Amino acid sequence: MTAHPAGSPAVERSGASTTSPKGFLTVGRTIAVPARRVSVLTALGLLALIAAASAATLSLGRLGIPLAELGEALSGGATGKNAFVLERLRGPRLTVALGTGAALGISGALFQSATRNPLGSPDVIGLSAGAGAGAAFTALLLPGTVSVPLGALLGAVLAMALVYVSTGTGFRNPARLVVAGIGVAAICTAVTQYVVYAMERDNASALTSYVNGSLSSRSWADATTIGLVLLVVLPLVALIARRLDIGEMGDDIAQGLGSDPKRTKTYAVVLAIVLSAGAVAVAGPISFIALTAPQIAKRITRVPGPHLLLSGLTGALLLVLADLAAQQLPLFDDLPVGIYTMAIGGAYLGCLLVRERRKGAL
C-alpha cells in the first residue's frame, strides 16, 4: 500500500469522498438518505404551513382555544371549554383531516406514477363513486344494520373488484384500468343518484353530505382508523419508492435495471387503493385532493419523481385548509368539506389550463 503525504492530490481526493454526495441527505458519516435540497426545504415549508393551519383550526371562532392558551392545552393542561374543544370538538376532526389528506396525497402520487398520467387519481377508476354508491345503498336498504361508513368502504372495495375483473389484466395495464374505471364510476354514480332521488328528503340531505365528503362529528376512533392505515401502508410504500423513481425513466430502462415495472405498477395501484379506501372509510369520498396534491408538489420542486412524502404533506395541508374554510366561512353553515376540495380542484385545473394555453401547449 502506498502512503500519500498530507496535502497531496491523492489525499485531497480521498478526503473529498467524505463530503455529502450530491442528492443525498447525510446523518454523520454512515447514513446517506436520497433527498434533494429543494425537496427538504419544501417539506419544511409545508410542515410550517400545516402547523399554522392546524393552529388556526383550533383557535379561530367563538369556541376556539386562544393562541395564548393553545400551547398549554396541547401539552395536556386543557380544562373546561378548552378540553372540550381539543378532545371532542376540533381535535379529532383536525387529526382525521391531517391523516386523510396525507393518505389521499400519497395515493394520488402512487396512481399517477403507475399510470404515467398527471390527471390520474383513484377517483378516476371509480373508487370514490363506488364509495358513494355503497353509502347510498346502505342508507336506503340497510338503515341501522350496516353503518354508512362501512357501506362506503364495501362499495369502494366492490368497485375496485369490478375494475380488476373488467380489465382482464388486473391492475397491470394503466390504459385498460382507466377505461374500466370510468365505466364502473358511471354505474356507481347512477346508483347513487337513484338512491338520493328515491329516499325521503331529510335522509337524502344527510346522505348527500356524506357522499360529498365530510369531516363533521369525527371521533378519535376515526383518527385511529386512518392512523392505522397509514402505519401499515407507509412502510410498504417506502419499499417500492426507489422502484417508482427508476420507473420515471421508462419501462425499458427500469426493466434493464431489474425494477420489474409491471409488478411495481400493480403494487403501486393496490397501495393507492388501500390508502383511498381508508380515507373514504373515515371521511367519505373527498374529491380532487389525490389529483392535485402530487402535481402541486411536483411544480413546487420542479424536479422529476413521484414525490410521495411531499404529496402527502401537500394533501394534508389542502384538506386542513378546506376544512378550516368549511368551519369558519360565514356564507354557509358547515358545508361538506368535499365541496371546498372540488372548488380547489376546479381552480387548480383552470389555472393549469390558462398556463398551458399561454405556453401554446393547448
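What percentage of the 362 residues in the chain is made up of buried residues? The answer is 46%, where buried means under 20% relative accessible area, exposed means over 50%, and partly exposed lies in between, with a 1.4 Å probe and protein chains only. Before I go on, please keep in mind that this is a predicted model, in which local features need pLDDT of at least 70 and side-chain atom pairs count only at pLDDT 80 or more, while totals for chains, interfaces and linings use all residues. Residues are numbered from 1 along each chain as its sequence is written, and side-chain values use heavy atoms, with hydrogens and water left out.

Let me start with the chain as a whole. Its secondary structure comes to 15 helices and two strands, and these are DSSP runs numbered from the N terminus, with helices being H or I of at least four residues and strands being E of at least two. If we take the contacts with a separation of 6 or more, residues 24 or more positions apart account for 71% of them, a contact being heavy atoms within 4.5 Å. The accessible surface is about 18,600 Å², and 65% of that belongs to carbon and sulfur atoms; the areas come from the Shrake-Rupley method with a 1.4 Å probe, and for residues only the protein chains shown count as cover.

Now to the charged side chains. Side chains of opposite charge can pair when their charged atoms come close. How many salt bridges does a search of the whole structure find? It finds one, by the rule that a side-chain nitrogen of Lys or Arg lies within 4 Å of a carboxyl oxygen of Asp or Glu. The partners are arginine 93 and aspartate 323, at 2.8 Å from N to O, and the pair links distant parts of the chain, since arginine 93 sits in helix α5 and aspartate 323 in helix α14, 230 residues apart. Arginine 93 counts as buried because its relative accessible area is 9%, and aspartate 323 is buried too, because its value is 2%. Leaving aside residues up to four places away in sequence, aspartate 323 touches Arg93, Leu215 and Val337.

Arginine 93 also brings us to a pair of helices. Helix α4, residues 80-89, and helix α5, residues 91-115, pack at an angle of about 40 degrees with their axes 4 Å apart; the axes are lines fitted to C-alpha atoms, for helices over the stretch in contact, and angles run from 0 to 180 degrees between N-to-C directions. Val85, Leu86, Glu87, Arg88 and Leu89 of α4 meet Gly91, Pro92 and Arg93 of α5.

Helix α6, residues 127-141, gives the most to the patch, with three residues. Leucine 142 is found in the loop between α6 and α7, and leucine 142 is described as partly exposed because its relative accessible area is 32%.

Finally, consider helix α8, residues 174-198, which holds valine 191 and also valine 178. Valine 178 and isoleucine 125 are 53 residues apart in sequence, yet 5.5 Å apart in space from C-alpha to C-alpha.
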